[in-house]
Amino acid sequence: MSYFSEAIETMDRGELDALVDERVRYTVRFAAENSPFYRKWFHTNNIEPSTIREHEDLRDLPIISGKHIRERQPPETQEFEFKCTDWRKVFTVHETSGTSGNPKSFFLTWEDWNRYVEKYARAFVSQNFTSGDRVVVCASYGMNVGANTMTLAAQKIGMTIIPTGRCTFPVTTITKYHPTGIVGSVFKLLRLARKMESEGLDPQRSSIQRLIAGGESFADESRQFLEEVWQVPVYNIYGSTEGTMCGECHEKVGLHVPEDLVHLDVYDPALHHFVEDGDCGRIVLTTLLAPGEQTGTLLLNYDTEDTTAVISRDQCPCGRSHVRIMLPQRESETLWVAGSSFNRVDMEKGVFQRENMDYLTEEYEAFLYGDVDETTLQVSVECLDTSNCEKELVRQNFLKSFLHYRPLLSEAHQDGTFNILFNFTEPGALEFYHIKGRPKRLVDRR
Ligand SMILES: [Zn+2]
């Protein structure tokens, strides 16, 4: 099987754009008729839904954010104003584990599930997964949708799922069931390889044939290192409860957006205009429904607070026509120093320089201290062996990668207003080990 839904995945650009426009029209009308939030929103903003004819017209609609959702659900309001279907049609309820307070609630109907499942099934097939594959899903089975929808997608393809829900499963899971793939985050998959080695199982000689990395963005250097450790291809996947599920195909030239099921626009930081293809900007998402379809939660022009760039709208070497984007990064992980911005991923790129990895584990963390006059970035890395760690080489490789393409930051570094200090620790000595939850690798303590 080379495509999950060949006709739609390879549809030519003109037809695909026409299909998107038809779905935009229907979805906006559906919103006006069924979503308590949008009914009021259109009225307050003097928008006549029928004037939204094509995807460019979405620019005329105001952009909403997670804040709007939080403010339009209990306990803030009586009803869930983004819920646009009857409770009897709601199959599952989800919450996004937001960083601030009240988590956002999402309501999925069985139709929504099928659309989410379709997106993952297309991604899996595009990564050469097929009937007979056995996949360990390390993503957690909780109030988020990812792990469950991947599990259902596997059923459509004829794959076996081993739903461990976490990457700390016993190594015997691999020796007993001979899985061919694992879905997890880069760090968890690196840790797992280390654990397997320590228990006498060489990851490169295991049954694993490919890995899927998701859950958070990462530098391409970390992916390359993960591929080297396992000696298998690693594919990116990006998904959220809001319904963006984009997957990298086996060509590894960007993540395909399932354009018929979700519409993504890339906006400038002020959220006024679309940016040119190739330029980095904010991902603004719009649910797409085919005429006649229904949904539990609908979003138009929703600011995901993630950033990306369009790589290409041309046909991919894999044959798919759907637009390809860069692996999105979290805006909340972007910090500004000396008029220059950098993301957690940029730092990770510096740490994961290939030469460094002969001396370091994959673990690191960084803290930013200071005030307007002087800022210090403290980067802590773990040495495999502190008595044999080429600290100066690691430092130089980091600086070369991190300051390249950042002239303002580089200048500030030279004139002493931006210091970068390194801390080399033994395995297990980083601060995040003492804090529960997912490690925060870049912390702003200014
Ligand atoms: Zn492709």
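Predicted model: local features only at pLDDT ≥ 70, side-chain atom pairs only at ≥ 80, totals over all residues.
Residues are numbered from 1 along each chain as its sequence is written, and side-chain values use heavy atoms, with hydrogens and water left out.

**Exercise 1. The zinc site**

Task: Find which residues are the protein donors of the zinc ion, and work out which geometry the site has.

Solution: Begin with the rule that donors are N, O and S atoms within 2.8 Å of the metal (3.2 Å for Na, K and Ca), and that sites may look incomplete since water is not among the atoms. The protein donors are Cys 249 through SG, His 256 through NE2, Cys 316 through SG and Cys 318 through SG, and they lie 2.2 to 2.3 Å from the zinc ion.

Next, turn to the angles. Four donors count as tetrahedral if all angles lie between 85 and 135 degrees. The four donor atoms here make angles of 101 to 115°, and the site is tetrahedral.

Then look at the spacing along the sequence, which for the donor residues is C-x6-H-x59-C-x1-C. Helices (H or I, at least four residues) and strands (E, at least two) are DSSP runs, numbered from the N terminus.

Last, check the accessibility, where buried means under 20% relative accessible area, exposed means over 50%, and partly exposed means in between (1.4 Å probe, protein chains only). Cys 249 counts as buried because its relative accessibility is 0%, and Cys 318 counts as buried because its value is 9%.

**Exercise 2. Cavities and a pocket**

Task: State how many cavities of 30 Å³ or more there are, and describe what lines the second largest cavity.

Solution: On a 1 Å grid over the protein atoms alone, a cavity is a set of points where a 1.4 Å probe fits but cannot get out, whereas a pocket is an open set with protein on both sides within 12 Å along at least five of seven lines; lining residues have an atom within 4 Å of a point. Grid points are joined across faces, edges and corners, and a volume is the space filled by probe spheres set on the points. By this rule there are three cavities of 30 Å³ or more.

The largest cavity holds about 160 Å³ of space. Its lining has 16 residues, and Tyr 116, Glu 242, Gly 243, Thr 287 and Thr 297 lie nearest the centre. Helix H5 (110-126) is one of the elements that supply at least two lining residues, and H5 has the largest share, with four.

The second largest cavity has a volume of about 130 Å³. Among the residues that line this cavity are Glu 9, Lys 119, Arg 122, Met 245 and His 256. Here too H5 gives the most, with four residues. Sorted by class, this lining has four nonpolar, four polar and four charged residues, where Ala, Val, Leu, Ile, Met, Phe, Trp, Tyr, Cys and Pro count as nonpolar, Asp, Glu, Lys and Arg as charged, and the others, Gly among them, as polar.

The second largest pocket has a volume of about 1,000 Å³. Of the 40 residues in its lining, Cys 280, Thr 307, Met 326, Gln 329 and Asp 346 lie nearest the centre, and the lining divides into 16 nonpolar, 14 polar and 10 charged residues.

**Exercise 3. Backbone details**

Task: Say which two residues are joined by a cis peptide bond, and where Asn 128 and Gln 231 are found.

Solution: Most residues other than glycine have a negative phi, and most peptide bonds are trans. A cis peptide bond, with omega about 5°, joins Pro 74 and Pro 75, and Pro 75 lies in the loop between helix H4 (66-71) and strand E1 (92-96).

Asn 128 has a positive phi, near 70°, and is found in the loop between H5 and strand E3 (134-137). Asn 128 counts as partly exposed because its relative accessibility is 38%. Gln 231, with a positive phi of about 55°, is in the loop between helix H9 and strand E7 (234-239). Gln 231 is exposed, since its relative accessible area is 52%.

Conventions:
Tetrahedral: all angles 85-135°; square planar, octahedral: opposite > 155°, others 65-115°.
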